[in-house]
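User: Hi! I have a structure open and would like a friendly tour of it. Can we go through it together?

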Amino acid sequence: MFFNEEFETLPRPALEALQFKRLQATLDRVYANVPFYKTSFDAAGITPSVITGLEDLQKLPFTSKQNMRDSYPYGLFAAPMEEIVRIHASSGTTGKPTVVGYTQKDIATWSELMARSFVAAGAHKGDIIHNAYGYGLFTGGLGAHYGAERLGASVIPISGGNTKRQIMIMRDFGSTVLTCTPSYSLFMAEEALAEGIDFKKLKLRVGIFGAEPWSEEMRTEIEAKLNLSAIDIYGLSEIMGPGVAIECIEAKRGLHIWEDHFIPEIINPETGERMPEGERGELVITTITKQGIPLIRYRTRDITSLTYEPCVCGRTHARITRMSGRSDDMLIIRGVNVFPSQIEAVLVGIEGIEPHYMLIVDREGTLDTLTVQVEVSGQLFSDEIKVLQALSRRVEKEIKDMLGVTCRAKLVEPKTIQRSEGKAQRVIDNRKL
Ligand code: DLL
């Protein structure tokens with residue numbers, strides 16, 4: 001099933017021709033309207049006319065989050081403020097937020113791409129979409145909302161928070177599709193259990209989860225606990241918001257990135273060189289239809305790989321693999337590189353452990369230490385100390401065996417690790433303090 005079959009299944013030569021035409025128009029637009037691009041292209045000795053094919057994209061300089069911050073708030077906008085109808089901003093844990101603006105046409109494009117994403121995930125007109133992404137400056141809530149309306153589904157704009165009420169509404173209103181972060185979905189499952197509500201008796205069929213890294217093992221856990229098919233959705237406010245890429249329900253193998261609007265590349269984050277197809281590196285995205293704030297070769301910091309292999313669903317758009325995480329979130333513990341999502345994958349596979357964890361990194365003298373705090377399931381916690389000791393040794397051993405990193409496991413009582421209603425915070429790095 002498609003939302004826009006013609007564009008979702010465009011044969012690659014036609015898709016690439018369209019990309020190039022749109023890239024040229026975008027380059028002209030930013031060169032003429034955004035002083036930052038004029039300066040950076042001139043410094044690289046490039047004018048838009050030098051770009052005569054898609055391969056030439058590599059000649060253009062990158063744009064970084066720092067460039068956006070330096071032009072805070074509106075410096076990179078390519079449309080006059082009179083044409084901007086919506087402003088969003090990323091929360092940004094450090095420094096100023098990054099601010100993005102949308103024209104009327106940008107909102108229409110975003111709505112269509114979210115509608116396409118819903119259909120790819122298996123949603124359709126007639127669905128009741130329970131949208132628990134936060135509404136506000138964060139793009140999750142409104143992005144999914146406009147997409148659901150564009151699709152013609154019924155959307156419940158519940159936003160995040162007040163979890164008990166969420167569950168009551170989900171049950172009473174007959175929600176069929178749930179949209180929220182993967183960590184929040186598990187919190188909902190837990191609250192439902194406490195309220196004596198069985199997810200198997202709800203009408204939920206599909207969950208569309210993103211905005212934070214999660215593992216394949218977490219998917220299995222969520223699907224079992226919420227009794228639905230869990231789909232991975234990716235996006236970032238700088239590029240648009242949710243709906244930049246999504247898994248199709250037919251394959252659930254890689255996320256289709258809507259290539260008639262975005263050109264993806266994978267680069268080596270150290271050298272900036274392009275990586276061969278299939279190899280992991282940093283995702284770089286060029287927007288080719290945006291008006292408010294087009295971005296050329298934007299470095300997302302997200303680590304993934306790209307494949308152009310045809311997909312069983314019939315979409316011709318390339319796929320990115322599940323994100324390992326952001327390059328900035330990668331922990332280096334005594335020289336070993338590890339992403340929180342890799343630790344998550346190990347933890348979720350161990351029986352007696354709940355999928356709620358926190359990683360604490362410290363420095364003792366010159367040595368980095370990693371403590372993995374994880375909850376034990378209810379019945380185990382009351383068991384003898386010997387059982388708990390064996391379990392924590394098992395956690396330490398499996399993490400060492402799978403990831404090569406030494407850690408200390410600290411088992412904690414059920415429901416003691418803070419639950420998230422949006423993006424979960426999984427790491428406390430005391431080394432930076
Ligand atoms: O998180 C947009 C969004 C909302 C995506 C709802 C999906 C669903 P930002 O707040 O700007 O935008 O954060 C973007 O979140 O660069 C990734 O590091 C991370 N991220 C988003 N989706 C995924 C995902 C929204 N599926 C940043 N897997 C991105 C892993 C993700 N990380």
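User: Which helix gives the most to the lining of the largest cavity?

Analyst: Before anything else, keep in mind that this is a predicted model. The helix you want is α5, residues 104–120, which gives three residues to the lining of the largest cavity.

User: What volume does the largest cavity have?

Analyst: The volume of the largest cavity is about 60 Å³.

User: And which residues line the largest cavity?

Analyst: The lining is made by Tyr102, Asp106, Thr109, Trp110, Met240, Phe262, Thr289 and Lys290. Sorted by class, that lining has four nonpolar, two polar and two charged residues.

User: How many cavities of 30 Å³ or more are there?

Analyst: The structure holds two of them. The second largest cavity has a volume of about 40 Å³.

User: What lines the second largest cavity?

Analyst: Its lining consists of Met68, Ser71, Pro73, Tyr74, Leu76, Phe77, Thr98, Val99 and Ile293.

User: Nice. What about backbone angles, which residue has a positive phi of about 55°?

Analyst: That is Asn227, and it is not a glycine. For background, most residues other than glycine have a negative phi. Asn227 sits in the loop between α9 and β7 (229–236).

User: Is Asn227 buried, exposed or partly exposed, and at what relative accessibility?

Analyst: Asn227 counts as partly exposed, because its relative accessibility is 33% and that class runs between 20% and 50%. Arg334 also has a positive phi, of about 45°, although it is not a glycine. Look for Arg334 in the loop between β16 (331–333) and β17 (336–338). With a relative accessible area of 46%, Arg334 is partly exposed.

User: Why does the second largest pocket lie between domain 1 and domain 2?

Analyst: Domain 1 (1–327) and domain 2 (331–429) both give residues to the lining, so the second largest pocket lies between them.

User: New topic: aromatic rings! How many aromatic pairs does a search of the whole structure find?

Analyst: The search finds seven aromatic pairs. One of them is Phe36 with Tyr37, an edge-to-face pair at 5.0 Å centre to centre, with 75° between the planes.

User: Why is the pair of Tyr37 and Phe41 edge-to-face?

Analyst: The planes of Tyr37 and Phe41 are at 65°, so the pair is edge-to-face, as that label applies to planes over 60 degrees apart. The centres of these two rings are 5.8 Å apart.

User: Where do Tyr37 and Phe41 lie?

Analyst: Both are in helix α3 (residues 35–43), four residues apart, which is about one turn of the helix. Tyr37 and Phe41 are both buried, and the relative accessible area of Tyr37 is 1%. Phe36 is partly exposed, at 24%.

User: Which residues form one aromatic cluster?

Analyst: The cluster is formed by Tyr31, Phe36, Tyr37 and Phe41.

User: Last one: which ring does the charged end of Arg116 sit over?

Analyst: It sits over the ring of Trp258, 5.1 Å from the centre of that ring. Have a look at Arg86 too, which lies over the face of Tyr146 at 4.6 Å from the ring centre.

Methods:
Residues numbered from 1 in each chain as written. Predicted model: local features only at pLDDT ≥ 70, side-chain atom pairs only at ≥ 80, totals over all residues. Heavy atoms only, no water. Domains from an automatic or database assignment. Phe/Tyr/Trp six-rings, centres within 6.5 Å; stacked < 30°, edge-to-face > 60°. Buried < 20%, exposed > 50% of the residue type's maximum accessible area, 1.4 Å probe, protein only. Helix = DSSP H or I, 4+ residues; strand = E, 2+ residues; numbered from the N terminus. Lys NZ or Arg CZ within 6 Å of the ring centre and 35° of its normal. 1 Å grid on protein atoms, 1.4 Å probe; cavity = no way out; pocket = protein on both sides within 12 Å on 5 of 7 lines; lining within 4 Å. Points joined across faces, edges and corners; volume = space filled by probe spheres on them. Nonpolar A, V, L, I, M, F, W, Y, C, P; charged D, E, K, R; others polar.
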